[in-house]
Amino acid sequence: MKFRKLGLGFVACAMLLAGCGDKETNTSEVTGKEKLVVGMECNYAPFNWQTTEQTKTSVSLGGAGFADGYDVRVARYIADQLGREIEIKKIAWDGLIPAIDAGDIDVVIAGMTERKGLDFTDPYYDSEMVMIVRNNDKKLKKAKSIQDFGGKAVVGQKNTNYDTVIDQIKNVKHAVPKNNYPEMVVALQKKEVDGITAEYPVAAGVVAANKGLSIVKFEKGKGFDIDTSVSVGMKTGSKDGKLYNAIQKALKDLPEETRQQWMDEAVKNQPKVKK
């Protein structure tokens, strides 16, 4: 009898350990594949956005519509290269790093530039920093230097480098940052501000959706001093780990032509603003 009790105890322990193993690897109940859980705000087109329409490039948000955009393409590619099933969680910008720390997500793929609090891979996209202005602002539309915005009100996204760089403009009226680009666009259209800082793909998407706005590019040496490359963010201490190295390899194997093609398609396919 003691042997049988020991056997049952062993089986129960094995089952418990098996259950713990599934939780740690976050395995899909449908496919049996390990998941790659990705966090993004789904409100930063053309890098990422939320939509009710399923497309060839979108990923389900589990009953809350779908995530789509450039970051989604990159996330799907990485998951495929790793042999994992992709899962995307919509998380507010300020909640992305805490979500990584809590283990709620594996990586951040959200058009994020390097910052404290995460380990980053090599960049998966690089662009340039520009300004968005109103078409009818003839003077600013022809600006060649960021200093041409001295004395003007400029807004950036909250808790991003695109807000802090505004102070590189002498005598600028640094507007209170907004949570996302839709809010900034409204402020510009209502003439509450004179310019919006943005990296080029985002600006291109904003202007494509809003006929009354234009992009201002600056002459060489007269623009913002900022790194506009975006990378995959992982928990601090991840560098040289198995997952980190696997993602690095996947990105290394992703051709530059493919990256640009995906961005061009994301700019073209992003949701249009309803008037």
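The model is predicted. Its pLDDT averages 89 over the protein. At least 70 is reached by 88% of the residues. Where pLDDT is low, the predicted coordinates should not be read in detail.

Four strands form an open sheet in the order β2-β3-β5-β4. Pairing in this sheet is antiparallel. Strands β2 (43-44) and β4 (59-60) are the edges, and each pairs on one side only. Two bridges join β2 to β3 (residues 48-51), again in the antiparallel sense. Across this pairing, Asn43 stands opposite Trp49 of β3.

Aromatic side chains make nine pairs in the structure. One of them joins Tyr77 and Trp262 in an edge-to-face arrangement. Tyr77 belongs to helix α2 (residues 70-82), whereas Trp262 belongs to helix α9 (residues 256-269). The pair therefore ties together parts that are 185 residues apart in sequence. Both partners fall below the 20% limit for burial. Tyr77 is buried at 14% relative accessibility, and Trp262 is buried at 12%.

Phe149 and Phe218 also form an edge-to-face pair. Here the centre-to-centre distance is 6.3 Å and the angle between the planes is 85°. This pair links two loops. Phe149 lies between α4 (138-141) and β10 (153-155). Phe218 lies between β13 (213-216) and β14 (230-235). The contact thus ties together parts that are 69 residues apart in sequence. Phe149 is buried, with a relative accessible area of 0%. Phe218 is buried as well, with a value of 13%.

Further aromatic residues gather in one cluster. Its members are Tyr44, Phe47, Tyr70, Tyr124, Tyr125 and Tyr181. Tyr44 falls within the range of edge strand β2 (43-44), and Tyr70 within that of helix α2 (residues 70-82). A charged side chain also meets a ring face elsewhere. Lys217 lies over the face of Tyr200, at 4.4 Å from the ring centre.

Terms used: Residues are numbered from 1 along each chain as its sequence is written. This is a predicted model: local features need pLDDT of at least 70, side-chain atom pairs count only at pLDDT 80 or more; totals for chains, interfaces and linings use all residues. Side-chain values use heavy atoms; hydrogens and water are left out. Two strands pair if DSSP finds at least two bridges between them. Rings of Phe, Tyr and Trp (its six-membered ring) pair if their centres lie within 6.5 Å; planes under 30 degrees apart count as stacked, over 60 as edge-to-face and the rest as tilted. Buried means under 20% relative accessible area, exposed over 50%, partly exposed in between (1.4 Å probe, protein chains only). A charge sits over a ring if NZ of Lys or CZ of Arg is within 6 Å of the ring centre and within 35 degrees of the ring normal. pLDDT is the predictor's confidence in each residue, from 0 to 100.
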